[in-house]
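Please open the model in your viewer and keep the selection panel at hand. The tour below goes from one selection to the next and says what is found at each stop.

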Amino acid sequence: MENWLDSVTPLTLEGQIAVPYTWWVGETGSRFLIALRDEGKILGNRCPSCGTVYVPPRKNCGRCYVDTDVAWVTLGSEGTVRSHTIVRFSFPLQPAPPPFAYALIRLDGADVGLLHLIKHDLERLKTGVRVRARFRPASERRGHILDIDCFEII
Amino acid sequence: MAQRVAIVGTGQTDHKSHRPDVSGREMIREAVQRPLDDCGLTIAEIDAIVIGNMDHFESINYVDTWSVEGSGAFMKPIMKVTTGGTTGTSVAIAAVYHAASGLFERVLAIGWEKNSESDTTAAIITCSDPVWDRFSYSGAIPSLATEASAYMQKTGATQEDAARVAVRDRNNAIHNPHAHLRRSITLEEVMASPMLAYPIKLLDICPRTDGACAVVFAADSVAPKLAAQPAWIQATAVRHTYTWFGDSTNYDAGLVSLQRASREAYQKAGIRRPAEDLDVAELYLPYTWAGLKWMEDLGFCPPGEGARFVGDGHTQMTGKIPVNPSGGVISTNCIGATALLRVAEAAVQVMGKGGARQVPGVRRALATGFGGCFWSDVVILGAARP
Amino acid sequence: MDNLAVVGVAQTPFERCKPDQTVFDLVYETVRNAIDDAGLMPADIGNVVTVSNDFIDGRTISSMAVGDAAGAHDKNISTVEGDGTFGAFYGAMRTLGGLGTTLVVAHAKGSEGDVRYVTNGMFDPVYHRLLGIEAVGAAALQARAIMDRYGLTESDFAKVSVKNHGNARHNPCAQLPMALTVDDVLQSEALADPIKRLDCSPVSDGAAAVVIADAEGVRKARSRPVWIRGVAHCAEAYFLGDRDLSDPAALREAARRAYAMAGITHPMGAIDVVELYDAFSYMEPLWLEGLGFCGPGEGGKLLDQGVTTMNGAMPVNPSGGVLSAHAMLVAGLARIVEAVLQLRGSAGFRQVPGAKTALAHGINGPCGQSHCVWVLSNEQ
């Protein structure tokens with residue numbers, strides 16, 4: 001018996017959901033992003049219970065479940081790559097054309113990794129390599145994680 | 001053998017239209033600490049967590065894993081339950097079954113929403129089937145407006161009759177320190193408010209709120225140690241009846257899902273005369289006509305008599321079945337939390353912790369959830385261990 | 001855990017695109033098949049749990065599309081948004097809690113959207129999403145972490161892909177049965193180092209369902225019951241940088257609890273067949289370690305020694321796994337379906353002979369942040 005479906009084109013409806021969003025960053029996140037924007041500084045904070053220094057800073061420690069927006073620290077702009085990947089495929093949301101890299105970066109003074117980008121010198125990229133934050137020019141910063149344009153391999 | 005389950009602690013944020021001071025995750029943390037304080041537990045003593053919201057209002061995929069730092073789920077079991085407006089009661093019921101199963105003893109239920117982060121109507125419209133419903137009859141208000149029009153035509157109820165529901169709930173909210181809208185309103189103000197979709201006016205309908213609610217459910221084995229008066233779950237029932245809005249337009253039948261869910265719950269809890277046997281009701285009334293029409297669907301009064309039942313004062317704080325001492329949905333609507341708030345507020349009444357909004361001598365309380373395509377959830381709580 | 005069993009299972013063939021079926025159709029067909037498989041009637045189903053995701057379906061309240069199709073009319077119903085293993089666990093709790101026989105159904109039509117946006121949506125909107133990160137980029141960070149720590153290689157991962165696509169040739173439901181060599185995988189398109197196209201699962205359309213029953217439901221059903229001996233889930237920290245991606249801590253904890261419930265002290269030896277969630281090839285050795293089948297970093301050796309091949313002592317993913325078919329949310333439930341078929345002895349050409357105890361596994365969240373582990377047995 002013939003499969004009638006083979007001789008027809010199924011109807012489809014194309015559509016897209018358009019819902020605008022405005023996410024509240026909150027006081028803790030705002031302090032971090034404002035420091036990026038106005039001072040070119042990367043802030044973290046320390047859990048009073050376990051001593052973990054978080055970046056981005058947190059309002060509470062997930063492990064200890066206590067408030068952490070009490071002990072703020074200024075972290076270095078330099079750190080060590082703990083994991084990385086060079087992205088080779090294109091996707092419209094990417095902030096740079098491939099190839100570029102994502103990296104988990106342990107900033108000096110922090111106990112956790114910061115997820116960010118490495119765009120240049122990819123042939124030198126490996127775990128353990130030292131990197132430094134490259135900020136956008138002050139006039140272009142707007143209180144956004146990409147006020148750090150990327151990290152550069154030192 | 002299923003374990004009995006009780007609520008031993010409740011908490012909620014102070015609800016506002018915007019919470020710019022906290023991210024969603026941080027707002028959840030704020031809520032979670034409160035029921036823990038209420039029953040004297042630490043997060044470490046929680047065995048499992050259930051969380052819910054309506055995804056498209058914040059555009060966070062996999063909220064359970066995203067929430068961990070704020071929900072307290074680090075190295076714990078957590079899962080996400082979501083069913084639209086009924087999310088909060090679905091979350092509560094999921095927590096009940098986590099404990100009733102005998103596998104978990106202290107379960108945390110979290111409902112939350114940061115409605116200010118999105119365009120509520122744009123997000124809610126996507127609940128409709130994209131091929132058949134989305135282009136016409138969708139968003140929260142049009143479907144409720146047609147229900148209201150049909151009810152007015154059938155029973156002769158007036159806009160003023162409905163407005164009384166808003167006046168009652170908004171008045172009650174003044175005694176609830178957490179409520180979003182805490183200013184009383186008059187019948188005249190409701191009638192003069194802008195028309196949105198006939199006959200629904202601005203003050204007939206619920207607001208959008210940023211807020212969260214968290215509740216600790218405990219199994220029988222530990223509940224009595226955690227609360228002086230636990231709020232025992234005596235029955236739960238859910239009917240999510242329809243898939244397409246067009247199927248829900250037989251208005252002569254009433255809110256079928258609420259009729260069926262409440263019948264099942266009443267039967268399980270041994271309730272024969274709801275308005276007499278229940279001492280308080282926290283009902284998910286998203287708009288005023290629900291507060292007339294659904295009195296009938298709940299069996300509080302005979303069909304067609306909803307307006308008279310409310311008009312005669314039976315649902316006031318001093319009436320025979322006080323409705324929404326918390327101020328209800330018309331005073332606070334953080335959607336993912338809203339139905340959980342009904343359960344929490346009903347529990348607060350049973351536990352005797354209602355303060356200025358306490359109804360005296362509550363032995364049994366009703367909580368309902370509403371949402372989706374005219375869906376209903378029903379929970380009955382009581383002071384007596386079942 | 002006593003007297004709790006899976007009595008019915010069903011899954012659709014998994015395909016890149018099912019143009020002739022809406023999600024309603026998929027769910028209806030799968031639910032009918034699962035109920036038939038159990039030898040039950042719709043009226044025997046006490047309550048329903050659906051599993052769906054609003055981002056994949058492109059609709060808020062995605063459960064609204066499938067309640068009627070799942071046979072939930074006039075029944076208690078709920079919805080879990082997460083992998084099907086978690087949904088099925090909630091279903092099991094509902095049966096234990098007195099709601100009777102529970103039907104759990106999961107669906108996804110990956111073809112109707114763009115999976116990169118869907119997985120980008122699980123990342124934090126303030127700190128991560130605008131970096132454009134999605135599941136493949138994140139997974140690559142985890143793969144790199146275990147390569148750095150334990151010296152696992154891209155070849156080790158490729159071997160998993162070869163094995164699982166090869167196994168899929170005996171699974172009529174699998175989307176990607178393939179006879180591959182390690183070189184085929186290593187030469188496939190580089191996506192995000194070290195992950196290449198043949199290291200990744202596909203994007204699929206499909207559905208799966210299970211019917212869970214207590215002792216009374218088992219008596220009514222006409223199938224060979226597969227007993228649920230242990231189930232547990234656990235989540236670790238959310239921010240990728242907060243985690244040690246090379247250490248599957250949440251899985252280890254979930255497995256510990258599931259094994260304790262099942263009375264298992266030595267998993268290797270107690271488990272005859274494993275269906276785990278290999279969304280990427282590197283995940284198989286990592287999850288085997290988390291499940292306690294080997295020491296840290298030794299997951300690759302299990303394959304090298306032939307332990308996890310079809311002829312080995314403990315075949316892993318005889319179905320072809322998620323690498324061969326990946327309808328999001330469904331894939332974990334499909335692992336339970338496959339485990340049940342194995343324990344019934346009805347897994348056809350992919351049958352592991354004499355399997356008595358099986359493990360099924362699902363994940364949720366980025367890089368396996370949350371895990372659900374099932375231990376099933378055909379002996380009570």
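This is a predicted model: local features need pLDDT of at least 70, side-chain atom pairs count only at pLDDT 80 or more; totals for chains, interfaces and linings use all residues.

Residues are numbered from 1 along each chain as its sequence is written, and chains are lettered from A and ligands numbered from 1 in the order in which they are written.

**Stop 1: the two domains of chain B**

Begin by colouring chain B in two parts, domain 1 (5–120 + 210–226) and domain 2 (130–207 + 233–382), with bounds that come from an automatic or database domain assignment. Their centres, taken over C-alpha atoms, are separated by 23 Å. The contact between them takes 35 residues from domain 1 of chain B and 31 residues from domain 2 of chain B, where two residues are in contact if their C-beta atoms, placed from the backbone, lie within 7 Å.

Now select the elements on the domain 1 side of this contact: strand S1 (5–12), helix H4 (87–100), strand S4 (106–114) and strand S7 (210–219) of chain B each supply at least two residues. Helices (H or I, at least four residues) and strands (E, at least two) are DSSP runs, numbered from the N terminus. The largest share of that side, eight residues, comes from H4(B). By class, the side of domain 1 of chain B that touches domain 2 of chain B has 14 nonpolar, 17 polar and four charged residues; here Ala, Val, Leu, Ile, Met, Phe, Trp, Tyr, Cys and Pro count as nonpolar, Asp, Glu, Lys and Arg as charged, and the others, Gly among them, as polar.

**Stop 2**

A residue is buried if 20 or more other C-beta atoms lie within 10 Å of its own, exposed if 12 or fewer, and partly exposed in between, with C-beta atoms placed from the backbone.

Centre the view on Ala109(B): leaving aside residues up to four places away in sequence, the residues that Ala109(B) touches include Val50(B), Val91(B), Val215(B), Phe217(B) and Leu340(B).

**Stop 3: the sheets of chains C and A**

Turn to chain C, where an open sheet of nine strands with mixed pairing has the order S3-S2-S4-S7-S1-S8-S11-S10-S9; two strands pair if DSSP finds at least two bridges between them. Strand S3 (76–80) and strand S9 (273–275) of chain C stand at the edges, each with a single partner strand, so one side of each is left without a neighbour in the sheet. Inspect strand S1 (residues 4–11) and strand S7 (residues 205–214) of chain C, which pair in the antiparallel sense over seven bridges, with Val9(C) opposite Val210(C).

In chain A, select the open sheet of three strands, which has the order S2-S1-S3 and antiparallel pairing. Its edge strands are strand S2 (53–54) and strand S3 (71–75) of chain A, each pairing on one side only. Strand S1 (residues 42–46) of chain A pairs with S3(A) over five bridges, and Asn45(A) stands opposite Trp72(A).

**Stop 4**

Show the backbone from Tyr198(B) to Pro199(B), where the peptide bond is cis, with omega near 0°. Pro199(B) is found in the loop between strand S5 (195–197) and strand S6 (200–201) of chain B. In chain C, the peptide bond from Asp193(C) to Pro194(C) is cis, with omega near 5°.

Next select Ile61(C), a residue other than glycine with a positive phi, near 55°. Ile61(C) is buried, with 29 other C-beta atoms within 10 Å.

**Stop 4: where chain C meets chain A**

Finally, display the contact in which 30 residues of chain C meet 30 residues of chain A. H5(C) gives the most to the chain C side, with six residues.
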